[in-house]
Amino acid sequence: MKRRQWLLLLPTAFVVAATSAHAQPSYTVTSAQLQQAVAEKFPMRYPVGGLLALTLQPPRLRLLPEQNRLGTVMVVDAAGPALSSSSSGNFDVDFALRYEASDQSIRAHKLKVNTLSLSGLPPGPAALLQAYGPSLAEQSLLEVVLHKLQPKDLMLADGLGLEPGAITVTARGLVIGFVPKKTL
């Protein structure tokens, strides 16, 4: 009887092995790696119309796997001649990701501004901020390099004739899938 059960299980084992053999390699970037890479690029300072300057502090990234996007909230500090005192607030955006082959990087893409708020701003500077806020977001985060793949990260895929393709946001970080290389 045991021999018969083993023979019945044999096709299932072959299917599992075949499925594993055809699985494409992938590369994972953890949320901690992303946070560290982004934090190195901040703080960033932006003058707004010569009246005030905004300083964006290092962002706190959040993974949004259900939307396949990343989000971030940054503390924004404002100071300058148009303000009687400095002010601070929050800047909340989310974005998709893309792979840039020229430097083997993962970059922010398709930015969406959710909120931009500063407490205690007079009406003039508040209007300037609302007018320039989306542009500021694009300057500060659009095309920001979130992670750079190293040659060792791509060695196996390259040897198999593959290159980075889809980037999937998961609860633990990013999973970069590989696809066949494009021929010129």
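The legends below describe close-up views of a predicted model. Local features need pLDDT of at least 70 and side-chain atom pairs count only at pLDDT 80 or more, whereas totals for chains, interfaces and linings use all residues. Residues are numbered from 1 along each chain as its sequence is written, and side-chain values use heavy atoms, with hydrogens and water left out.

View 1. Ser-87 belongs to strand β6, which covers residues 87-100; helices (H or I, at least four residues) and strands (E, at least two) are DSSP runs, numbered from the N terminus. With a relative accessible area of 8%, Ser-87 is buried (buried means under 20% relative accessible area, exposed over 50%, and partly exposed in between, with a 1.4 Å probe and protein chains only). The Ser-87 side chain reaches the backbone oxygen of Ser-119 at 2.2 Å. When residues up to four places away in sequence are not counted, Ser-87 touches Val-76, Asp-77, Ala-78, Leu-118, Ser-119, Gly-120 and Leu-121; contact means heavy atoms within 4.5 Å.

View 2. Strand β5 (residues 69-79) contains Arg-69. The residue Arg-69 is buried, at a relative accessible area of 16%. Neighbours within four places in sequence left aside, Arg-69 is in contact with Leu-63, Leu-64, Asp-94, Phe-95, Ala-96, Lys-110, Leu-111, Lys-112 and Val-169.

View 3. Three strands in the order β1-β10-β9 form an open sheet with antiparallel pairing; two strands pair if DSSP finds at least two bridges between them. Strands β1 (26-30) and β9 (162-169) stand at the edges with a single partner strand each, so one side of each is left without a neighbour in the sheet. From one strand to the next, the twist averages 25°. Five bridges join β1 to strand β10 (residues 173-180) in the antiparallel sense, and Val-175 in β10 is the bridge partner of Thr-28. Helix α2 (residues 31-39) packs on the sheet and touches β1 and β10, its direction making about 60° with that of β1. Axes are lines fitted to C-alpha atoms, for helices over the stretch in contact, and angles run from 0 to 180 degrees between N-to-C directions.

**View 4. The salt bridge between Arg-62 and Asp-92.** Five salt bridges are found in a search of the whole structure, each being a side-chain nitrogen of Lys or Arg within 4 Å of a carboxyl oxygen of Asp or Glu. In one of them, the side chains of Arg-62 and Asp-92 meet at 2.8 Å, N to O. Because Arg-62 lies in strand β4 (residues 60-64) and Asp-92 in strand β6, the pair ties together parts that are 30 residues apart in sequence. Arg-62 is partly exposed at 28% relative accessibility, whereas Asp-92 is buried at 17%.

**View 5. The salt bridge between Arg-107 and Asp-103.** The side chains of Arg-107 and Asp-103 form a salt bridge of 2.7 Å, N to O. Arg-107 is buried, with a relative accessible area of 15%; Asp-103, at 21%, is partly exposed.

**View 6. The salt bridge between Asp-158 and Lys-181.** A salt bridge of 2.0 Å, N to O, joins the side chains of Asp-158 and Lys-181. This pair links distant parts of the chain, with Asp-158 in helix α4 (residues 151-159) and Lys-181 in the segment after β10, 23 residues apart. Asp-158 counts as partly exposed at 43% relative accessibility, and Lys-181 counts as partly exposed at 37%.

Key: A polar contact is a pair of N or O atoms within 3.5 Å; within protein, one must be able to donate a hydrogen and the other to accept it, and residues adjacent in sequence count only if both atoms are side-chain atoms.
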